[in-house]
Amino acid sequence: MPDSSITAKCAVAGGGPAGMMLGFLLARAGVEVVVLEKHADFFRDFRGDTVHPLTLDVMYELGLLDEFLNLPHQKIETLTAQIGAEHLTMIDFRHLPTHCKYIALMPQWDFLNFLAGHGRRYKTFDLRMRTEATDLIEEAGRVVGLRAKTPDGALAIRADLVVGCDGRHSTLRGKAGFTSEDYGAPMDVLWFRIRRRQSDAADTFGHVEAGKMMIMLDRGDYWQCAFVIPKGGIERVKAKGLDAFRDTVVDMSPFLADRIGELKSWDDIKLLSVTVDRLQKWWRPGLICIGDAAHAMSPIGGVGINIAVQDAVAAANRLAAPLKAGKVTNADLQAIQERRTLPVRFTQWLQLNIQKRVITRVLASQQRPKPPLFFKLFGIFPALRRIPARLLAVGIRPEHVQTPEVGPTR
Ligand SMILES: Cc1cc2nc3c(=O)[nH]c(=O)nc-3n(C[C@H](O)[C@H](O)[C@H](O)COP(=O)(O)OP(=O)(O)OC[C@H]3O[C@@H](n4cnc5c(N)ncnc54)[C@H](O)[C@@H]3O)c2cc1C
């Protein structure tokens, strides 16, 4: 049977935050866009839940903020760390120059379903689930489309532009022959959930002890826990046994002792292998990568979703008009890379410094840590807590929606 084929102005591979936001914005601007997502739905666990104030500002600019905030979420207004015996509030989002002065914790699938639902309002939005991009179609050195695998067989999509939003294990990156700089990471992260009781402390906090580090996010009825281990250390953790791991968690947070049995097997604990990398060149004629496909982010600061959304907004701002006119140029693609490189580079630089100066030291330490003097200043001068809040939540060169809502609705 011959392959089915379709055409679109833009083919987006990957329905994560970058791909869904880009698909939605282009369709809203009247551009025919097809978004391919290899999974059947968005209900996959552990993809990060932190929706930062900048992403909430994008929702505001789209006129969707109130509806978005009707979805269940928790708010993080301040971040507290326990370093050894001392509790310190380090970050205060309450003074940000944004509409929402907090991070919203929301399951990523709710966020993606929300974008999908709003995308479907436009006739120009074609979201295809269970459709996996497998290869590029090239003619005379230019990418002119994608090949994909679907439950009904092979599909060829001809498009003026292909956008790789297929995450840090991107297929399109490899097919395009892009090369990346790998900046390395000293740690991996073990993710798990434990029930939360109303009587538990309400703070979202990081806890640092000799050789150990754990972050706990208050998700209402459960704690989302991130336990940091040395890179490649999962087999050593497993070799010590599940009981030993449970004990270590309880040592860090004794109030979990009555619930730690909820970790019944290693299946309840997911490994995030941390990667930090960035493509040297994000584009080729007819193709550009954005989001994690262009630059995998460290989980430090929970910025990955938000950087991916910012990339999508910048890409839509630059591409909507030329896509509609059928005139996307290499200069457009280069301009997107140039615009987004500075904020991505800056964020990765911050993450790499924290990895090197804090995480590597903590994981190697044998003695109960004491907060460095610099950290104590956050306790003495609360206004200082606004600086990391701004770096984390706003970063540099925030993007604003410039694309119009002109797409025909269904
Ligand atoms: C365990 C974990 C925890 C994280 N925690 C946080 C956090 O708390 N906060 C935060 O901001 N960031 C977090 N991140 C990072 C964040 O998830 C990413 O930075 C962000 O999702 C990047 O968005 P993206 O759209 O570029 O890629 P992704 O979210 O990776 O989306 C890529 C999408 O493409 C699909 N896909 C892949 N290949 C293909 C293909 N060939 N064809 C079609 N579809 C394909 C995938 O199924 C996926 O839906 C976490 C990541 C992990 C793995």
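## Ligand contacts

A polar backbone atom of A133 sits 2.9 Å from a nitrogen atom of the ligand. P17 places a backbone N or O atom 3.1 Å from a ligand oxygen. A18 does likewise at 2.9 Å. The protein covers 90% of the 1000 Å² of accessible area that the ligand has on its own (Shrake-Rupley method, 1.4 Å probe).

This is a predicted model, in which local features need pLDDT of at least 70, side-chain atom pairs count only at pLDDT 80 or more, and totals for chains, interfaces and linings use all residues. Residues are numbered from 1 along each chain as its sequence is written, and side-chain values use heavy atoms, with hydrogens and water left out.

## The shell

The ligand is surrounded by 33 residues (a heavy atom within 4 Å). The closest are E37, R47, T50, D292 and G302. By type, the shell holds 11 nonpolar, 14 polar and eight charged residues; Gly counts as polar, and Asp, Glu, Lys and Arg as charged.

α1 (17-28), β9 (132-139) and α8 (304-325) each supply at least two shell residues. α8 gives the most, with four.

## T131

T131 lies in the loop between β8 (125-128) and β9. T131 counts as buried because its relative accessibility is 4% (buried means under 20%). Its side chain reaches the backbone oxygen of M129 at 2.9 Å, a polar contact (N or O atoms within 3.5 Å, one able to donate a hydrogen and the other to accept it).

Beyond its neighbours within four places in sequence, T131 is in contact with L36, E37, K38, A148, K149, T150 and L155 (heavy atoms within 4.5 Å). E37 is also among the closest residues to the ligand.

Key
Buried < 20%, exposed > 50% of the residue type's maximum accessible area, 1.4 Å probe, protein only.
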